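Have a look at the structure first, then read on.

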Amino acid sequence: MRESLGEPRRVSLPVLDGPAIGQPTTDRRGFVKLTGAAMVALATGSASAGHERVDLSDERMGVLVDLTECVGCRRCEFACAEANQNPHGKLEDYDDQSVFEHRRRPTPESLSVVNRFEDPADGKTPVFTKIQCMHCEHAPCVSACLVGAMEKQADGSVTYDASKCIGCRYCMMACPFERLAYEFDNALTPRVRKCQLCQHRTKVGQMPACVEICPVEALTYGKRDELVKYAHELIAANPERYVDHVYGETEGGGTSWLYVADRPFAELGFPDLKTRSRAETTEAIQHGIFQGFIAPIALASVLTGFNFLTKRGHKA
Amino acid sequence: MSGAAVHTLVKPPRYFTPGVWVIAAVAAVGGLCWLYRMTFGLGAATHLSAAYPWGIWIGIDVACGVALAAGGFTSAFLAHLLHREAYHAVVRPALLTAAIGYTFVALGVMTDLGRYWAMWHVMMPSMWQPNSVLFEVAICVMCYLTVLYIEFAPIVFERFIGRVSLPGLLGRLNGPVDGVLRFLDTVLGKVMTVFVVLGVLLSCMHQSSLGTLMVISGTKLHPLWQSPFLPLMFLLSAFAVGYPMVIFESVIAHRSLGLKVETKVLSLLARYTPIILTLYLGVKVFDLFRRGVAGEVLAGTFASNLFIAEVTIGAILPILIFAIPRFRRSVAGLFIGACLVILGLVMNRLDVFLIAYSPLDQAAHYTPSFMEIAVTAGFIATMVLIYRFVVLNFPVIEELDVPGRAAAREHAHAAGEPRARELDASPDGELEQIRVLRGRGLGAIAQGVK
């Protein structure tokens, strides 16, 4: 077993009634607030014009996954299906190891799945990776959604509201982890399906279902900031056990789900992402172009000017 | 248009020909597949998957559709805002194409939306999410579609003013309806410039944002295409494809309707294309070096070959063809050049939205299903059918003798077009045309010729 540090596994739950964050407020990033410097900014190589950081609550939660602990029992898959009212069999059905023969991704029925990675080098024990929505700090899906169906909540979760969704699937194009699932087979009311960090459970003081059921305590639910600290302490205390990398601390601008492992994450199917969220890049371009509406107004003025000047010349 | 005024008017041919029946059949098959998709869902009708959430309905119907309708705003800019009168003849067909094109972009989006019945959410300010690039595109496309219909309205007025004949009892309303049309026509005539400016502005906004759309897909899009300069490149390539698209349609429409191709005005139009394409190419090359991926072009991979093919077909070859006057002045040269630009643009949009997009799951593949292809083909066929119906019944193409033709002439006269017409009637070559078209001097030269 890893050397244990003060367990933040059962931490006090945060106040969850705060307003959704990561959503635009009119004065902060209204559509009408634009500066025309965008192309100029881009041309001069600074794509950060108009960049505004999403405010994040200090109380936001996350989950730390210790991949060295996971034994691939798939109980989390069962608990997840149960908690999300997805079709599921009996707990014993999840003992089936044959699913590991293929690499799986979250589906509308299984929002969380476990994959097995054999060690390529020697006969070390295989690594099991539980994957689901990473609940990005600055989530591209939230930034992409044109009707605000995806929201970054104060508790750190990125939630999906089907009642707003129009089904464009731009969120799926945006997701750097490709963890969003879609009900393609539902003819009229298809939904995007994703882990909601068990918001319905945490609201009433329960753990996320997967965290609660994990028999080896590979999952730790807690304040994200504390989890990051804890993960680094864990690595420092067990340098022979872990690679010195907390996946999700900075990837894609940071995520609520964090992972520690005994080998490089590239070997475990985790994408190698920049520390800057893609949402930041697109928002910088978009708000740069439209900031203060200067560019559109300037263009309209120039066009009107053309019209006026050539008309006069024509009549002269 | 050169000398359209001196052409004798041609009786419009009948609507149905064997070719039109074939197109109608394609449209019908597409219509059935469309109904199937709307009833049984995306899973039943398409090969879309979690790895490939977007297919050809976004890649072709929306991304290519928007760009290929760019003839509308680019020619309106030239004729209405820069007052290059010689181009008035191409404005109406281009406007019609844009109006039909954008209508089907909207239909294409609707077809692709999983919850198409919730489409109205986009219009609810309470749900607006201004960080979303797609939000910008959606709002601009909706506004521009409205502007296009307003810009097209005078053509409908010309057709019906003085000819309103409602059936049966409604016939009594003929007079009042006619009065309303005349009133609207007058009002619209006074404020049309506002809508032309708005149309160009909205076009620039969403043509570029369409490029921003894929920036968020990050490394899933191949580095030869993924760039923060995508919006600028999309805007420039939309500018570039505008006139070739006008040339392409004009040649096909004139041939199909048994009219003489307006080589003169089209070759004048084609002069702009190499300039814009060179600019586009310049930005593309600059961007590759700026991001340090220029070497990738010669990597010899599928992606690099695709990139070379796209740039050669869509930019390098057409620059050469359109820059050489002898080619530019022949129908074949014009048509081939235009086809290359269009093909290059379609390749570019497909590359960015589909082909150069690779999901993390490398085993995943996407090839469009029969129904996806049938719906897309059906939409294109339906657009052709609508275009043909409109030009045979409304004053869109100058040489066709349709109801409202005389009123259209009146409008043109009011816009100061006749002087340019008279100039066209003179047998002078392109050079004089160009001189004449240099805006400011036009009035003076026109007076001189008189």
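## Pocket and cavity

H14(B) contributes the most to the lining of the second largest pocket, giving nine residues. Helices here are DSSP runs (H or I) of at least four residues and strands are runs (E) of at least two, numbered from the N terminus. This is a predicted model, in which local features need pLDDT of at least 70 and side-chain atom pairs count only at pLDDT 80 or more, while totals for chains, interfaces and linings use all residues. Residues are numbered from 1 along each chain, chains are lettered from A, and side-chain values use heavy atoms, without hydrogens and water.

On a 1 Å grid over the protein atoms alone, a 1.4 Å probe fits in a cavity but cannot get out, whereas a pocket is an open set of points with protein on both sides within 12 Å along at least five of seven lines; lining residues have an atom within 4 Å of a point. A volume is the space filled by probe spheres set on the points.

| Space | Volume | Lining |
|---|---|---|
| Second largest pocket | about 810 Å³ | 31 residues |
| Largest cavity | about 120 Å³ | 18 residues |

Nearest the centre of the pocket in the table lie Met245(B), Phe248(B), Ile380(B), Met383(B) and Val384(B). For the largest cavity, the residues nearest the centre are Cys70(A), Cys73(A), Cys76(A), Cys214(A) and Ala218(A). Strand E3(A) gives the most to the lining of the largest cavity, with three residues.
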